[in-house]
Amino acid sequence: MGPTTGTGAKGQGAAKPLLPCALSPLLFLTLLFSGLAWASPASPIPCAEQPYTLETPEGLAGGGNLEFDGEVAIFSDGACLETKGLLLQAPSLRYDQASGELTARQIEVETARYRFWAEESRIKGQVLQASGIRATTCKCGDDLRLLSETLRFDTQSGEIVLEESRLEVYAFGLARFSELRLNPNQPLGENLGLTPSGAEAPLALPVRLDFDQGLNVGLSEFPLPDAGGRSGKFSTRITLLGLRLGSPDPILRLGLAVQEKNRRASLQFDSKPSGVASRGEVVDGPLFFVHDSELGRYAFGLKQAFALGRFTLVPYAWAAQDWPDGTPTSQTQGLAAGAELRYTFEVQEGPFHFRLEPFGVLGFYNQPQQYVAYGGQAEGRYEGDFALRIGYTWAIESTPGRFWLERREATQKLSGSLRYAGLGLEAGKREHSMSTGLGDGVLPRPLLELEAEHDFLKSQTEASLRIGFSRDYGEVWARLHTCWNCVGKTLSNGRDDWERRELVLGFTPVQLSCTYDLNLTPFLGYDFLRQGVSRWGLELRYADCCFIWRLGYQEIRLAQQPGEVASGKFTFGLEIR
C-alpha cells in the first residue's frame with residue numbers, strides 16, 4: 001500500500017480547545033484576578049483531511065509529513081490514527097508495512113468520554129497496547145485521573161484493561177486496582193460500579209454538607225475498593241454522618257454496605273440522645289434477614305420468584321416480628337408462609353399500549369388465622385403527537401396481615417396524565433421536584449403536563465398542571481398543585497388541611513457544557529389559600545474542567561405535604577462531569 005497525497009494546511013497538534021464557550025464578564029474578571037490566562041488553540045485537522053494519509057488494517061493513518069525508511073512509513077507534523085472508537089495523535093507515528101505494526105511515543109487517545117496519554121504504544125491486530133498511562137474524563141486538565149502502568153485497548157470490542165492503576169483527585173490517591181476494566185462509552189461512575197448500569201445522571205461525590213434543621217456533614221455511602229483491587233469495582237461502602245448537629249436531637253450515623261452479585265448486606269447504627277437505633281439487611285439468593293429497631297421489625301426467611309409464562313409465582317416463609325400500628329403495645333410475633341401469584345398481560349398496537357397485572361396472596365400463620373389479599377393494576381397508554389396515560393390500581397384484604405412483608409394495603413386509586421409538546425415550541429428539560437423545588441437529574445419534559453389522581457378510599461383528589469416555555473438558554477416553567485379533601489396534614493391551629501392550592505414558578509437553565517461557566521436555578525412558590533409565600537430557593541452551579549460545583553438554599557415556609565417541615569435548607573454538592 002502506498003501513500004495518498006492531498007491538499008490542505010499542515011496538520012495541527014493534538015491540543016483541544018480549553019474554553020469552548022465565551023466567558024461572561026464576571027468570569028473573565030474572576031480568572032484575571034486569580035492570575036490565570038487561557039488560550040484557545042485551533043482544533044486539530046481531522047485525520048482524513050491531513051496532507052498524507054494511508055489506509056492500514058488498524059485504521060486510517062495520516063500526518064502533515066510522510067517519509068519512508070524501507071518498509072516503514074513515518075508520519076510526523078500532526079501524526080494521527082483514526083479507527084473504530086478512538087482517535088490517536090502523536091508527534092510521530094511509525095507503520096511497518098511488513099509486520100503491520102504501528103508504534104508511537106507520547107501519544108494522546110481520545111474516545112467519546114475519556115482522554116488517554118501514554119509514553120509508549122503499539123497497535124497490532126486491532127489491539128492497542130501502551131505503557132505509562134494517564135487517563136481522565138475532564139474536559140481540560142486532569143485533576144481527576146487514573147494512572148496506570150500498562151493499558152490494553154481492543155478497538156473492536158471497545159474494552160480497555162488497565163493494569164496496576166490508581167485513582168487520584170487533585171493528586172490525592174483514592175484507590176488502587178490491580179486490574180481495572182473500562183468501557184470507553186460508559187461514564188466513569190458506571191465503570192467503577194458507583195452508579196447503576198445505564199444511569200445518565202451525573203455522578204455526585206459521596207460527601208454530604210448541608211444545613212436542614214441542623215448541620216449535616218460527613219460521608220454518605222463512601223465507596224471503598226475490594227481488598228487488593230482485583231475486580232476494579234467499588235462494592236463496599238461506608239457511611240459516617242453527623243445529622244442535625246446543633247439541634248436538640250442530633251444523630252451520629254455509622255453504616256457499612258457490601259454487595260457481590262446476588263449477595264448484599266448493609267448495617268446502620270444511629271446514636272441519638274434517646275438511645276441507639278439500628279437497621280440492616282442481609283440477602284443471599286432467596287434467603288434474607290432484615291431488621292429495623294425503630295419500627296420494631298425483624299424477619300428471617302426466604303422468598304423466591306418463579307416465572308411460568310405470563311404467571312409469576314413467589315412462595316415465601318419467614319419468622320418475623322412487627323409493630324402494626326408503630327408502637328410496642330401492638331407487637332406481634334410468629335411464623336408466616338404462603339405464596340403470591342401474579343399474571344401479566346400486555347398488548348401493543350402502534351402508539352397504543354395496554355397492561356393488566358392482577359395478583360393474589362394467600363398466607364398462613366402459626367395461629368388460627370389466614371391472610372387473603374387480591375387486586376391488580378390496569379394501565380392504558382397512548383404515545384403519539386401527545387402522551388396520555390390512564391391507570392387504575394386496587395387491592396382488597398380479607399383481614400389485616402400480621403407482618404409488613406406479606407401485607408398488601410387496601411388501595412383503590414384512579415390516576416392519569418397528559419403530556420403535550422405542541423404549540424410549535426421545543427419540549428424543555430426539567431430538574432424540578434415538588435418536595436424541594438430543585439432536582440438532581442435532567443430529564444426531557446414536555447411543554448404541558450397534567451397529572452391527576454383520585455383515591456376512592458380517602459375521597460381525596462390531587463392534580464397538578466405544569467407549563468414550560470423552552471429557549472436556548474433554559475426553560476421558564478410554572479406548576480400549579482391542588483388537592484381536595486386532603487388528609488395527613490394539619491394546620492398550625494390543629495385543624496385538618498382539607499384543601500391545598502400552590503403555584504410554583506421557576507427557571508431551569510440548560511445543562512452546563514462550557515468550562516468555567518455558571519448558571520442559576522431559582523424557584524418561588526405561593527399558597528393561594530393561606531395567601532403567602534410557600535417556598536423559595538436558589539441554586540448556583542459552576543463548572544470547571546472536571547467537576548460541577550453546586551451551592552444552594554431552599555426554604556419551605558408553608559408546608560404542602562405530610563412529610564414537609566417548615567424550615568430552611570442549605571446544600572452543597574460536587575458532581576463529576
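What share of the contacts in the chain with a separation of 6 or more is accounted for by residues 24 or more positions apart? Here are my notes, with that point taken up at the start.

1. Residues 24 or more positions apart account for 42% of those contacts with a separation of 6 or more, a contact being heavy atoms within 4.5 Å. Please keep in mind that this is a predicted model, where local features need pLDDT of at least 70, side-chain atom pairs count only at pLDDT 80 or more, and totals for chains, interfaces and linings use all residues. Numbering runs from 1 along each chain as its sequence is written, and side-chain values use heavy atoms, with hydrogens and water left out.

2. The chain has two helices and 39 strands, taken as DSSP runs (helices H or I, at least four residues; strands E, at least two) numbered from the N terminus. Of its 577 residues, 39% are buried, that is, under 20% relative accessible area with a 1.4 Å probe, protein chains only.

3. Four disulfides are present, each a pair of cysteine sulfur atoms within 2.5 Å. One of them joins C47 and C80, with the sulfur atoms 2.1 Å apart. C47 sits in the loop between α1 (25-33) and β2 (52-56), and C80 in strand β5 (residues 72-83), 33 residues apart. Both C47 and C80 are buried.

4. Do have a look at the loops β9-β10 and β37-β38, which C140 and C545 link across 405 residues. The sulfur atoms of C140 and C545 lie 1.9 Å apart, and this link is left-handed, with -70 degrees about the S-S bond. By contrast, the torsion for C138 and C546 is about 110 degrees, so that disulfide is right-handed.

Key:
Buried means under 20% relative accessible area, exposed over 50%, partly exposed in between (1.4 Å probe, protein chains only).
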